[in-house]
Amino acid sequence: MKRLALLLLLFCVTLLNGCAYTGYSIYDDQRLMGTMSDDKELSAKIKTALLDESFSGGWSVAVYSFYGHVFLVGEIPDTMQGKAVTIANRYKPRSVTTHWFTPATSDSSNFVLATKLRKDLIATKGLSSTRIDTEVNSGRVVLLGVVRDDAEKQLAIQAARGVGGVTGVTSYLMFPQKAGQLDNMQPEHATGVSPMDGSMEPSGSPSITPVSSGANSPGGSGDVESRELP
């Protein structure tokens, strides 16, 4: 009976999180405990402020923070995107990066595809899936988190690209940072979308847009893009 109650509780938490799968473990995260606590507090404050400003009612904005750099991922009307960035900047993040999905439809529901994605990430040898958060919107996948190195980052990107139903992958995966390196982070991003045969298909010229506090960087629609953080 206790086991059933625990499973029901975990299921409810998953539903409350929407299609975002947060798999971080205190023992596996590459950030220092103080940094993790600061990031968690920052993202929670911004999320609460967004909800207080009526960013709800079917609109979805997920908020992530890594080393004080904030990421807003979701689908909201164009007229509210700038407001979301303004709200995030109230809390003095190092930068705000946005990834806005354009309206689209998919044969698979976000929940079903997110479940398949999480399963494949867990099954990928050499990849610690607990380091990676995911957002899914109509076949388009966004990866966020702090991974050990480039090898682990590439494993995550390839695993996501190989999931049936995924039409595009954007990676904001970072490497561990030391205190003196925080202002020099340059997260790398995927450079293509994998067709069903698994080969690399060019996605056009990636855009590189500097992101700083107060700037509303253009969002993505599932296509691959590239940005640099200050």
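Me: What makes strand β6 enclosed by the rest of the structure?

Reply: In this predicted model, a residue counts as buried when its relative accessible area is under 20%, and seven of the seven residues of β6, which runs over residues 168-174, are buried, so the strand is largely enclosed by the rest of the structure.

Me: Why is Lys-125 called exposed?

Reply: The word exposed needs a relative accessible area over 50%, and Lys-125 has 79%, so the name applies. Lys-125 lies in the loop between α4 (110-123) and β4 (132-137), and its C-alpha atom is separated by 8.6 Å from that of Leu-155, 30 residues apart along the chain.

Me: Is Arg-131 buried or exposed, and how do you know that?

Reply: Arg-131 is also found in the loop between α4 and β4, but its relative accessible area is 4%, which is under 20%, and therefore Arg-131 is buried.

Me: What makes the link between Arg-131 and Glu-152 a polar contact?

Reply: A polar contact requires a pair of N or O atoms within 3.5 Å, one able to donate a hydrogen and the other to accept it, and the side chains of Arg-131 and Glu-152 make such a contact at 3.1 Å.

Me: How do you know that the span of helix α2 agrees with its number of residues?

Reply: At 1.5 Å a residue, the 20 residues of α2 (residues 33-52) should span 28 Å, and because the end C-alpha atoms are 29 Å apart, the two values agree.

Me: Why are the buried residues of α2 said to line one face of the helix?

Reply: The buried residues are Met-36, Asp-39, Leu-42, Ser-43, Ile-46, Ala-49 and Leu-50. Seen down the helix axis, these buried residues fall within an arc of 170°, so they line one face of α2. What covers them includes β1 (60-66), β2 (69-75) and α3 (78-89), whereas on the other side of α2 Met-33, Lys-40 and Asp-52 are exposed.

Technical notes. Residues are numbered from 1 along each chain as its sequence is written. This is a predicted model: local features need pLDDT of at least 70, side-chain atom pairs count only at pLDDT 80 or more; totals for chains, interfaces and linings use all residues. Side-chain values use heavy atoms; hydrogens and water are left out. Helices (H or I, at least four residues) and strands (E, at least two) are DSSP runs, numbered from the N terminus. Buried means under 20% relative accessible area, exposed over 50%, partly exposed in between (1.4 Å probe, protein chains only). The expected span of a helix is 1.5 Å times one less than its number of residues. The arc is that of the directions from the helix axis to the C-beta atoms. Contact means heavy atoms within 4.5 Å.
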